[in-house]
Every structure is written in C-alpha cells, then in structure tokens.
Amino acid sequence: MDDVKIGEILRPGSTYEQRAREETVRARFWKTARKAAKSIPFLDEVIAGYYCALDPATPTWVRGTLLAALAYFVMPFDIIPDFIVGLGFTDDAAVLMAALNAIRNHVTPAHREAAKKAIENLDKDN
C-alpha cells in the first residue's frame, strides 16, 4: 500500500463524512477489534486512538483523521478483505499506523488508560 493511497484514506473529510464515519466506527469497532486482536500487535494504541477520536476535546482534524482510519479498519471489504487469514488486517494495520503516527501527540494519558481497561475487558470477553 503506497503513501498516496494511505493519504487519500486518511483525509478527515467533511463534517457530514465525519459523522457518518463515527456512526460506523461506534457500531463496528469492538467486534472488529476482537477479530484483529491477534493480528495487530499495537491494538492498545488503536483502542487509545478510538477513545481519542470520540473525545470532543480532540481537535477536529485529528478526530477526522482517526475516524477515517478507524472506519477503514471496521469495514470488512477493503484493499485486502479482513477475512483472508494471515493477510486480512495488514492493510488496516498500515492505515492505522500512519494515522496514529500523524496524531500521536493528541492521544492523552486518559485515552491510554481507557484503552488499558478496555483491553482487560476484551481479554475477559474471549
């Protein structure tokens, strides 16, 4: 996956697009996170990014970038469909890593703590 495609995916989009992405992410995030838990070694950062994206105190452009990446993550059919064992989440991981690197300074200790607690619960659910 090249930088141009990742850059296109990570465009924050309009207010309408951000709202639609947020609805999609809220509806599908946890189910997808459970599936991807063994495939994405930095899932704790992804979950912290999820909390950052939903935090109204997060700057709009950061929320937009994260929501774009998270929406890509939760959609089952993308460049490499998620159901392909061993490869399905590789494109998602690349997009998520790019987004998280771009906004790293906006993920707060509170987002990371919420992610830590969520991972503990995610482990209990399995």
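At what angle do the axes of H3 and H4 cross, and within what distance do they come? In this predicted model, the two axes come within 9 Å and cross at roughly 130°. Axes here are lines fitted to C-alpha atoms, for helices over the stretch in contact, with angles running from 0 to 180 degrees between N-to-C directions. H3 and H4 are therefore oblique to each other, given that angles under 35 degrees count as roughly parallel, over 145 as roughly antiparallel, 65 to 115 as roughly perpendicular and the rest as oblique. The crossing of H3 and H4 is left-handed, a term applied if the near helix is turned anticlockwise from the far one by less than a right angle, whereas clockwise turning is right-handed.

Residues are numbered from 1 along each chain as its sequence is written. Because the model is predicted, local features need pLDDT of at least 70 and side-chain atom pairs count only at pLDDT 80 or more, while totals for chains, interfaces and linings use all residues; side-chain values use heavy atoms, with hydrogens and water left out.

The secondary structure of the chain consists of six helices and zero strands, which gives the pattern α-α-α-α-α-α along the sequence. Helices (H or I, at least four residues) and strands (E, at least two) are DSSP runs, numbered from the N terminus. The average pLDDT of the chain is 84, and 81% of the residues score at least 70; pLDDT is the predictor's confidence in each residue, from 0 to 100. Confidence is lowest in helix H1 (residues 3-9), with a mean of 62, and highest in H3, at 96. Where pLDDT is low, the predicted coordinates should not be read in detail. Of the 126 residues of the chain, 43% count as buried, where buried means under 20% relative accessible area, exposed over 50% and partly exposed in between (1.4 Å probe, protein chains only). Among contacts with a separation of 6 or more, 68% are accounted for by residues 24 or more positions apart, contact meaning heavy atoms within 4.5 Å.

The largest nonpolar core holds 35 residues, of which Phe-29, Ile-40, Val-46, Leu-70, Phe-73 and Leu-96 touch the most other members. At least two residues of this core are supplied by each of helix H2 (15-36), helix H3 (43-54), helix H4 (60-74), helix H5 (90-103) and helix H6 (109-125). H4 gives the most, with nine residues. Such a core is a set of buried Ala, Val, Leu, Ile, Met, Phe, Trp, Tyr and Cys residues joined through side-chain atoms within 4.5 Å. When residues up to four places away in sequence are not counted, Leu-96 touches Ile-40, Phe-42, Val-46, Ala-69, Leu-70 and Phe-73.

The axes of H4 and H5 are 9 Å apart, at an angle of about 170°. That makes H4 roughly antiparallel to H5. The axes of H2 and H4 come within 8 Å and cross at roughly 50°. H2 is thus oblique to H4, and their crossing is left-handed. Among the residues making this contact are Gln-18, Arg-21, Val-25 and Phe-29 of H2 and Thr-60, Leu-67, Ala-71 and Val-74 of H4. Towards H3, the residues of H4 that meet that helix are Val-62, Arg-63, Leu-66, Leu-67, Leu-70 and Phe-73, and their partners include Val-46, Gly-49 and Tyr-50.

Two alanines of H4 were examined individually. Ala-69 lies in this helix and is buried, with a relative accessible area of 1%. Beyond residues up to four places away in sequence, Ala-69 touches Leu-10, Val-95, Leu-96 and Ala-99. Ala-69 and Arg-21 are 48 residues apart in sequence and 9.4 Å apart in space, C-alpha to C-alpha. Ala-71, also in H4, is buried at a relative accessible area of 11%. Leaving aside neighbours within four places in sequence, Ala-71 is in contact with Arg-21 and Val-25.

In helix H6, His-111 is buried, with a relative accessible area of 5%. With residues up to four places away in sequence not counted, His-111 touches Ala-48, Tyr-51, Cys-52, Asp-55, Thr-58 and His-106.
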